[in-house]
Amino acid sequence: MSNTASLRPQPVASEHIPLKPRNVAFDWADTPLHWIPGDPATTHTINVLHLILPAGERWFVHVYKQALPHIRDPRLREDVIGFIGQEAMHSQAHDDVLPHLKAQGLDPAPYTAQVDWLFEKLLGDRTLPPGRARKWWLLERVAIIAAVEHYTAFLGDWVLNAGELDARGADPTMLDLLRWHGAEEVEHRSVAFDLFVHLDGGYRRRVRTWATAFAALVFLWQRGVRFFMENDPTLLDGKASFREFVRAGRQGVLPTAGDMARSIPQYLSRTYHPSQHGSTTQAVAYLAGSPAATAAEARMEARTEARTKGGS
């Protein structure tokens, strides 16, 4: 094998799995505002997911529908269709948390309006002539999604293994939402990168769009935590701080700063492939026992059985 070939991303074949969306539903009636007891800072750090993901994952779906006609590999096309279905469900599930937060006195609308603007306007479709310019903007956005998916898979792997959240008595419904979502992020972790490689794969574009995605995520996250802490009606002087983030990482209720820093050279390695990190087996095992995922499976089986009986 040549040196050039050895530097190409090498997927782990055993980590590939056919993807399917799971039509989950969650009941938030008994979930407290601070669903990690006694730890509003960590609760709100994770709650930022509910602010960013609905708009972000709707944007993923929109961009990928534009990319579908350019896919020449049948298996990758099926993977992308499965990815679209899962991401649409993720967006809806996190969106459903927002009315619950508002009912508890924390209206997320001022912040989510800014997030919507970022994805719909700044990263949305542009009036470009057909041809090179339009293709360039599509490839840029596909590459940005690949970089973001590196971090969603990182977080998915983390939450599947974050036993300290259970030990602290975190709300089981919220944990199931996070772990169902995290497991599916691990399950489909290679799709965005494979699509990027299929359509372009240029290393300079990978680095450039990683920098854009990483900066945007850090910016949105710290603003989101600050928004929650300052507007939490139960806190007299709520403030977000990097010290709290480091503290939570050391205690195991958030990823550590060190682990997040080590994820950077992973993605920027020329031999990087998402399948080299995380475990599909672990993700599938969680989904097989997830209350929301198993209930969704049971509903699907019941509808299939009803259609079969109706057609007989």
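User: A pocket is an open set of points on a 1 Å grid over the protein atoms alone, where a 1.4 Å probe fits, with protein on both sides within 12 Å along at least five of seven lines; lining residues have an atom within 4 Å of a point. Which residues lie nearest the centre of the largest pocket?

Analyst: This is a predicted model, in which local features need pLDDT of at least 70 and side-chain atom pairs 80 or more, while totals for chains, interfaces and linings use all residues. Residues are numbered from 1 along each chain, and side-chain values use heavy atoms, without hydrogens or water. Nearest the centre lie Leu 155, Leu 217, Val 218, Trp 221 and Met 260.

User: Which helix gives the most to the lining of the second largest pocket?

Analyst: The second largest pocket is lined by 22 residues, with His 16, Arg 75, Asp 79, Asp 194 and His 273 nearest its centre. Both α3 (74–95) and α9 (191–199) supply at least two lining residues. With four residues, the most comes from α9.

User: How many residues apart in sequence are the parts tied together by Glu 297 and Lys 20?

Analyst: The two side chains form a salt bridge (a Lys or Arg side-chain nitrogen within 4 Å of an Asp or Glu carboxyl oxygen) at 3.2 Å, N to O. Glu 297 lies in α14 (residues 291–311) and Lys 20 in the loop between α1 and α2, so the separation of the parts they tie together is 277 residues.

User: About how many helical turns separate Arg 247 and Glu 244?

Analyst: Their side chains meet in a salt bridge of 2.5 Å, N to O. Because Arg 247 and Glu 244 are three residues apart in helix α11, their separation is about one helical turn.
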